[in-house]
Amino acid sequence: MDANRRPRPGRTSLRWKIAGLAAATAALTAAAVGALVHVWTAHDIHDRARARAFNAVYAAADVHRRTGALTEGARLDPPDLPAPLRDPADGARHTAYDPRTEGNVGPSVWAAQRTGGPGSPVLAVQVNMSSELHTLRRLDATMTAASLAALAAATPLAFYGAGLVSRRLRRVSATAARISAGDLDARTGPAKGRDEVAEIAATVDGMADSLARRLRTERQFTADVAHELRTPVGGLLAAADLLPPGETEDLLRARVRDLRGLVEDLLEISRLDAGAERPVCVRVPLGAVVAEAVARTGLDTEVTTARPEPPDAETATAEPAPAVETDPRRLERIVANLVVNAHRHGAAPVRVTVTDRTVVVRDHGPGFPADLLLHGPRRFHTGAAERGSGHGLGLTIATGQARLLGAELLFGNAPDGGAVATLRLPA
């Protein structure tokens, strides 16, 4: 998988997002229900208080009209009567809400009506709502506590449920990453459930099956072609030896040798793809192996072996060049391919630097194309015209051999120009 497309380490997990969304939904639902209950209860309290005041003033007016006495709680022209009720219409009863709080009397509802015609006293009754409003506040507190308790219980459940989905998605993502890295046998496995995640997992496995079949078909075709060409190419090379010396013979021999090299490269790639290669590791001096590989190319290449600085006098007699345990034949193949590629597609001077377990091959040409840096080497793909012509197998073979050795082969471009290939051997 391309490093630029990998999720960043600081990303927010889907588990937290789903849990947060569930918690926010629960909080909004609790707030909405609490607000609805509060509004409905407050409206009901006000309606009942108005009904009580209305009935009380009706009864007080009837008693006052028949006996001239006042019932308990009824008053004539009280000074604290709300302004809208001080001049009610003749014979009509009216109510008004009074939010004032005085002493033990909190917000209340007044009901009033005149005792007779215009100018007659106003009979009023006040219904205290303190008890009902206190009950409303207790109900609000209870609803808040219940909502917080429900939220506290719902959040872990949402986090756990989101974790189940997140783990399944991570499993699918890991499988896709393994397939992208070249593991064609990676599969998510039997899907659990019948939801969208199971559908995604089944789709990824199906894609992997299809991709594996196509790649295996391609690799088998490449191997078959290489094997079929090996015999006739060998015959061509033998026939070229029978030609009389001359320019035509030299040209034909060179072309046949190029064709044989291509066939051998294809066979090597086929063996690497099939996993038939096994390294034979021995302890060798890295600098000497690299120098020998460069010398066999016959190309003008500067080789520098940087000897590590001894930390004290006891290690001053250590071997003059770093030694590694690796397969020297495969190491020579990697270095030779990198050097040939640098000369073929880059520009002089080409320098090879050996430091500890690292081999760096650098040229001073146009550098590696962006496509190669993004996707890595691909067979029969050179990436850019300015890198020259070729079949693109050299770097592909070098990458395959490095992977076989457990080494890391990195491609980059120097800041001042030129391609840089870095081989890091394992400890």
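Predicted model: local features only at pLDDT ≥ 70, side-chain atom pairs only at ≥ 80, totals over all residues.
Student: How many bridges join β3 and β4?

Tutor: Strand β3, residues 108–114, and strand β4, residues 122–128, are paired through seven bridges in the antiparallel sense. Within this pairing, Trp 110 stands opposite Gln 126 of β4.

Student: Is Trp 110 buried or exposed?

Tutor: A residue is classed as buried when its relative accessible area is under 20%. Trp 110, which lies in strand β3, has a relative accessibility of 1% and therefore counts as buried.

Student: What joins the side chains of Trp 110 and Asp 98?

Tutor: The two side chains are joined by a polar contact of 3.3 Å. Trp 110 may also be read against Tyr 97: these residues are 13 apart along the chain, and their C-alpha atoms are separated by 6.4 Å.

Student: How does the reach of helix α5 stand beside the expected value?

Tutor: Helix α5 comprises twelve residues, 286–297, and reaches 17 Å from its first C-alpha to its last, which is close to the 16 Å expected at 1.5 Å a residue.

Student: Where do the buried residues of α5 fall when seen down its axis?

Tutor: The general idea is that an α-helix has 3.6 residues a turn, so residues three or four places apart point the same way. In α5 the buried residues are Leu 286, Gly 287, Val 289, Val 290, Ala 293 and Val 294. Viewed down the axis, these buried residues fall within an arc of 165°, so they line one face of α5. The face turned away from the buried side carries Ala 295 and Arg 296, both exposed.

Student: What covers the buried residues of α5?

Tutor: The cover includes the strands β5 (282–285), β6 (302–306), β7 (323–326), β8 (351–355) and β9 (358–362), together with helix α6 (328–345).

Student: Which residue just after α5 takes a positive phi?

Tutor: That residue is Gly 298, with a phi of about 70°.

Methods. Residues numbered from 1 in each chain as written. Heavy atoms only, no water. Pairing = 2+ DSSP bridges. Helix = DSSP H or I, 4+ residues; strand = E, 2+ residues; numbered from the N terminus. Buried < 20%, exposed > 50% of the residue type's maximum accessible area, 1.4 Å probe, protein only. Polar contact = N/O pair within 3.5 Å; in protein donor to acceptor, adjacent residues only side chain to side chain. Expected span 1.5 Å × (residues − 1). Arc of directions from axis to C-beta. Contact = heavy atoms within 4.5 Å.
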